[in-house]
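Dear colleague,

Please read them alongside the coordinates.

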Amino acid sequence: MLREDLHPRTDAFISAGIMASRPLTLYEKIWADHVIERRDDGTCLIYIDRHLVHEVTSPQAFAGLAANGRRVRRPDLTLAVPDHNLPTSPRVDANGHPLPIADPESANQLAALRANVAAFGVPYIDALAPEQGIVHVVGPEQGFTLPGTTLVCGDSHTSAHGALGALAFGIGTSEVEHVLATQTLLLKQSKTMEIRIDGTLGFGVSAKDVVLAIIGRIGAAGGTGYVVEYTGEVIRALSVEGRLTVSNMSIEGGARAGLIAPDEMTFAYLKGRPMAPAGELWDRAVAQWRHLPSDPGAQYDATVRIDGSAIAPSLTWGTSPEDVVPITGVVPDPDSFADPAKRDSARKSLHYMGLTPGTAMQGVAVGHVFIGSCTNSRIEDLRAAAAVASGRRVADGVRAMVVPGSGLVKRQAEAEGLDRVFTAAGFEWREPGCSMCLAMNPDKVPPGERCASTSNRNFVGRQGPGARTHLLSPAMAAAAAVTGRLADVRELMG
Amino acid sequence: MADPITTVHGTAYPWGAKNIDTDIIIPAHWLKTTTREGLGRGAFESVRAQAGNLFDDPRYAGSPILVAGENFGCGSSREHAAWALGDLGIKAVIAPSFSDIFSGNAFKNGIVTVVLPQDAVDRLVEVARDGSITVDLETMTVTTDHQDRLQFELDPFRRRCLMEGLDEIGLTLAQDTAISKYESQDAVYRPWIAGRGRYAGIAVGDGGRT
Ligand code: SF4
């Protein structure tokens with residue numbers, strides 16, 4: 001691997017068609033385009049093109065700037081939007097007046113964001129704006145996320161934006177402060193991993209099942225130290241929404257970023273979005289973006305191949321996203337794992353999840369269903385869930401909620417009548433935000449209760465203290481809602 | 001940036017658990033704070049809810065070192081995890097591997113993440129039950145009361161920052177000329193990158209809802 005001899009950009013962008021001395025991967029091209037300076041130890045000062053900010057991981061960063069008398073270097077490359085704390089109950093009363101937020105700490109954090117964006121001149125989408133939503137839904141939707149850019153956010157699921165061919169990754173609050181102040185980060189180049197999924201997805205199998213299958217294969221730490229690129233027929237055939245679902249969960253496989261080469265589908269998705277280039281600039285941008293895909297013969301440090309045709313609708317059984325089984329599978333026996341540490345953690349997981357080895361996944365009763373989160377809250381996800389919900393009823397004793405990823409997704413779903421499909425079936429139709437994905441707002445799964453969730457983390461306590469989470473696709477979540485059990489969506493829809 | 005740090009010495013939590021995610025280190029409901037302080041109270045909340053847990057064991061109370069398992073700090077990017085550990089008094093974590101984001105966050109808060117092979121970590125879990133451990137950044141070794149001497153590697157830049165307590169943002173700001181040069185070239189090659197300020201100043205519905 002010749003990573004070391006890829007020179008830092010001197011005065012030209014690789015993506016501008018400047019020829020490199022050897023075939024490069026998408027990641028290497030974006031990296032080379034953004035190196036400002038390279039130190040002897042390999043640490044590079046990298047330019048950051050796009051910075052998304054939300055209320056949870058930014059207050060201490062703005063406080064740091066203020067304490068040192070520093071400004072935001074490029075407000076025009078920054079976009080702030082509240083999402084994690086916002087309640088998903090109605091935000092205005094019958095007269096259109098804003099309703100107060102009950103939790104004083106949440107209200108305080110949201111107020112801090114408003115004060116900070118005002119003080120530092122950062123573009124901001126307010127909680128009441130129709131464009132408000134989860135940062136990772138808003139970025140692509142507004143055309144803020146663009147191919148070939150470096151994009152960061154104080155949130156690990158920033159990997160989602162890699163679906164559009166951006167080098168996108170989550171950062172901590174000190175790095176948020178660093179980017180606000182300097183528009184750069186100090187980084188070392190990562191190793192590259194190609195995850196190639198060929199074949200054709202079967203009936204009832206979605207992007208979520210693909211990414212669950214990937215994490216089940218490589219493990220929760222399998223991608224640590226790597227930037228992943230997803231390739232192959234299955235990925236090419238996925239819509240941009242589906243690709244966002246796959247890239248979103250890269251971090252659950254340990255990879256900080258998960259890229260997908262931009263193609264005609266990407267360009268069609270972005271064209272005309274409010275913050276995307278327009279007119280002559282659009283044409284120039286697309287011409288450059290066509291240079292981004294990995295060159296034939298480009299070398300990856302590791303390659304994983306998965307047969308897409310063999311992927312079944314899948315879900316998790318434990319408390320790590322790597323604990324994946326097909327819906328037709330059974331709860332595994334901890335003793336079946338070779339690794340003693342894994343055996344031990346599987347035992348603990350099963351105890352926490354209230355499951356016994358050998359139990360068929362199909363038929364396990366659920367009390368809650370959550371359709372939402374930055375993984376699965378875009379229009380296509382809601383359509384898939386609505387197709388299952390249509391003409392059916394949420395089972396007795398099940399609380400099922402649909403939380404659109406943004407106000408624009410919500411509006412479009414309402415224009416398509418999906419809200420009526422959901423409410424007629426007994427689902428709650430709520431305001432956009434992170435919601436039950438991490439239970440920072442009032443949407444929580446009560447202790448010991450079981451939730452079929454389209455979110456991305458089944459960690460202990462993630463959806464509320466003691467909550468038991470099964471990760472699955474929107475269609476599978478809807479199937480769980482209407483049957484009251486973990487169910488094979490293929491049997492409902494076949 | 002934290003105070004300069006050259007050695008960490010003391011008792012250690014002999015944990016060794018694998019895949020400890022940031023939701024375990026500090027659960028989400030603690031993230032509503034707007035400061036960095038006081039998060040030690042929420043550290044390992046779900047672990048501490050269990051009787052006889054390591055973190056409430058008087059033998060290890062206030063230990064500056066945590067010995068953990070593979071993939072420590074996986075999950076979210078919340079720097080609150082590092083702040084919570086720091087608030088608990090932890091200055092070094094030793095594990096076979098760390099999530100990339102966590103180790104960056106730890107470093108920025110003056111917490112050393114020491115990567116050692118699994119067998120060395122197993123040994124340290126044993127030693128830590130009743131002995132103390134020293135992490136030395138000068139010699140890049142972990143030593144114990146029982147004559148163990150384990151060599152580790154540390155990124156040279158991070159090591160220097162830790163040992164000198166450098167302000168990373170200040171260092172980068174000193175490179176302003178290079179950053180500005182990049183920006184002016186970028187404006188030629190990728191003129192669409194500069195924002196059009198579409199949302200600048202937008203604050204819809206300024207009606208008291210926060
Ligand atoms: S939806 Fe969940 S994973 Fe996504 S940004 Fe919000 S809290 Fe994070």
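What follows is an account of the ligand site, then of some places in chain A, and then of chain B.

This is a predicted model, in which local features need pLDDT of at least 70 and side-chain atom pairs count only at pLDDT 80 or more, while totals for chains, interfaces and linings use all residues. Residues are numbered from 1 along each chain as its sequence is written, chains are lettered from A and ligands numbered from 1 in the order in which they are written, and side-chain values use heavy atoms, with hydrogens and water left out.

**The ligand site**

The ligand sits in the largest cavity. A cavity here is a set of points, on a 1 Å grid over the protein atoms alone, where a 1.4 Å probe fits but cannot get out, and its lining residues have an atom within 4 Å of a point; a molecule sits in a cavity if more than half of its atoms lie within 2 Å of the grid points. The residues around the ligand (those with a heavy atom within 4 Å of it) are His84(A), Ile134(A), His136(A), Asp155(A), His157(A), Ser373(A), Cys374(A), Cys434(A), Cys437(A), Leu438(A), Asn456(A) and Arg462(A). By class, this shell has five nonpolar, five polar and two charged residues, where Ala, Val, Leu, Ile, Met, Phe, Trp, Tyr, Cys and Pro count as nonpolar, Asp, Glu, Lys and Arg as charged, and the others, Gly among them, as polar. Because domain 1 (1-312) and domain 2 (313-489) of chain A both give residues to the shell, the ligand lies between them; the domain bounds come from an automatic or database domain assignment.

An unreviewed UniProt entry places the feature "binding site" at Cys374(A), Cys434(A) and Cys437(A). The lining of the largest cavity includes Cys374(A), Cys434(A) and Cys437(A). The UniProt positions are given in the numbering used here, feature names are shortened, and annotations may be inferred rather than shown by experiment.

Cys434(A) is in the loop between β16 (428-429) and β17 (450-453) of chain A, helices (H or I, at least four residues) and strands (E, at least two) being DSSP runs numbered from the N terminus. With a relative accessibility of 7%, Cys434(A) counts as buried; buried means under 20% relative accessible area, exposed over 50% and partly exposed in between, with a 1.4 Å probe and protein chains only.

**Other places in chain A**

Phe370(A) belongs to strand β14 (residues 368-371) and is buried, at a relative accessible area of 0%. Its C-alpha atom is separated by 8.6 Å from that of Arg399(A), which is 29 residues apart from Phe370(A) along the chain.

Thr231(A), in strand β9 (residues 226-231), is also buried, with a relative accessible area of 10%. Thr231(A) and Leu259(A) lie 28 residues apart in sequence and 8.9 Å apart in space, C-alpha to C-alpha.

Thr78(A) is found in strand β4 (residues 78-80) and counts as buried at 2% relative accessibility; 24 Å separate its C-alpha atom from that of Glu28(A), 50 residues apart along the chain.

Helix α8 (residues 240-248) of chain A is mostly covered, with nine of its nine residues buried.

**Chain B**

Chain B has eight helices and eight strands, and 57% of its 210 residues count as buried. Its C-alpha atoms fill a box of roughly 60 × 45 × 25 Å along the principal axes. The chain is divided into domain 1 (7-166) and domain 2 (175-210), whose centres, taken over C-alpha atoms, are separated by 38 Å.

The unreviewed UniProt annotation "domain: Aconitase A/isopropylmalate dehydratase small subunit swivel" covers residues 5-118 of chain B. Over that range the chain is 24% helix and 16% strand, and the end C-alpha atoms are 25 Å apart.

Most residues other than glycine have a negative phi. Asn19(B), however, has a positive phi near 50°; it lies in the loop between β2 (12-14) and α1 (22-25) and counts as buried at 17% relative accessibility. Met140(B), likewise not a glycine, has a positive phi of about 50° and is placed in the loop between β6 (133-136) and β7 (141-144).

With best wishes

Terms used. On a 1 Å grid over the protein atoms alone, a cavity is a set of points where a 1.4 Å probe fits but cannot get out, and a pocket is an open set with protein on both sides within 12 Å along at least five of seven lines; lining residues have an atom within 4 Å of a point.
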